[in-house]
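Please look over this structure alongside the numbered points below.

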Amino acid sequence: MQATTLSDRALVRLAGPDVRGFLQGLVTNDVGGVLPVWAALLTPQGKALFDFLVWADGDDLLLDVERDAADALIRRLTLYRLRRPIVIARDESRAVHWAPDGAAGVADPRLAALGRRWLAPAGEPARGWRAHRLALGVVEGVAELGNGETLWLECNARELNGVSFAKGCYIGQENTARMHHRAKVNRRLVVAPLTAAGERTRTTYPDLGLMIEHRRVEALGDALRPDWLAAALAEDQRPTAV
């Protein structure tokens, strides 16, 4: 069996009547259309708590989330469930799989260059996913995004298809929309070569010689600037029409 299982990911199943409607009012992206999509659950101030990919499984939804955050996400979603007859629980019957290329699964909805992703019974652990992701400047998970510390657009969600500005209300929507319409993001989470950690540092990966930092856009310094980020920075620098 191919070594494609992302062993640091887990699946959370949402089952019951109108689970799409339930999740639609909570998360940043439109889950009413074609799936998978990348989305987040935010604080009311628009800061990231959890990020995940949302998959369809018949009438149910599956959340592809980092394994260490799965139980906390279930607890948070259960609070919002109130009296709805929706079941929210881990699904161990399948795992998340990844390959850097090929025809299996679907392209990662954040960035096609991330590779292919699909759900199937667990197999051998994949190798190279984190290095591949970070080389493309893509951040994910609580260690990198922070726990209620980083505004969602500062996580590069606009550029990586993690937010819909047409879907209607969700938790944290007001601040997220305001930042979008202001047309400029002042700080961003970036991948940079490893140096001494400082107050801007979120996490480090000594084995890869990389770190994640929350930097002002005018002080990105040696941060990696993949094409998608370079284009966003150029767009932010354009003068605003009067």
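1. A residue counts as buried when its relative accessible area is under 20%. By that rule, 50% of the 242 residues of the protein chain are buried. The model is a predicted one, and the values below are computed from it.

2. The secondary structure of the protein chain consists of six helices and 13 strands.

3. On overall size, the C-alpha atoms of the protein chain fill a box of roughly 50 × 45 × 30 Å along the principal axes. The radius of gyration of the protein chain is 18 Å, which agrees with a compact globule, because a globule of 242 residues would have a value near 18 Å.

4. Now the contacts within the protein chain. Take those between residues at least 6 apart in sequence: 63% of them join residues at least 24 apart.

5. The surface comes next. The protein chain exposes about 11,400 Å², and carbon and sulfur atoms supply 52% of that area.

6. How many positive and negative side chains does the protein chain have? There are 31 positive and 30 negative ones, and the centres of the two sets lie 4 Å apart.

7. Helix α6 covers residues 227-236, and its buried residues are W228, L229, A232, L233 and D236. Seen down the axis of α6, these buried residues fall within an arc of 130°, so they line one face of the helix. What do the buried residues of α6 pack against? Their partner is β11, residues 187-193.

Notes
Residues are numbered from 1 along each chain as its sequence is written. This is a predicted model: local features need pLDDT of at least 70, side-chain atom pairs count only at pLDDT 80 or more; totals for chains, interfaces and linings use all residues. Side-chain values use heavy atoms; hydrogens and water are left out. Helices (H or I, at least four residues) and strands (E, at least two) are DSSP runs, numbered from the N terminus. The radius of gyration is taken over C-alpha atoms; the globule rule is 2.2 Å times the number of residues to the power 0.38. Buried means under 20% relative accessible area, exposed over 50%, partly exposed in between (1.4 Å probe, protein chains only). Contact means heavy atoms within 4.5 Å. Accessible areas come from the Shrake-Rupley method with a 1.4 Å probe; for residues, only the protein chains shown count as cover. Lys and Arg count as positive and Asp and Glu as negative; His and the chain ends are not counted. The place of a charge is taken as NZ of Lys, CZ of Arg, CG of Asp or CD of Glu. The arc is that of the directions from the helix axis to the C-beta atoms.
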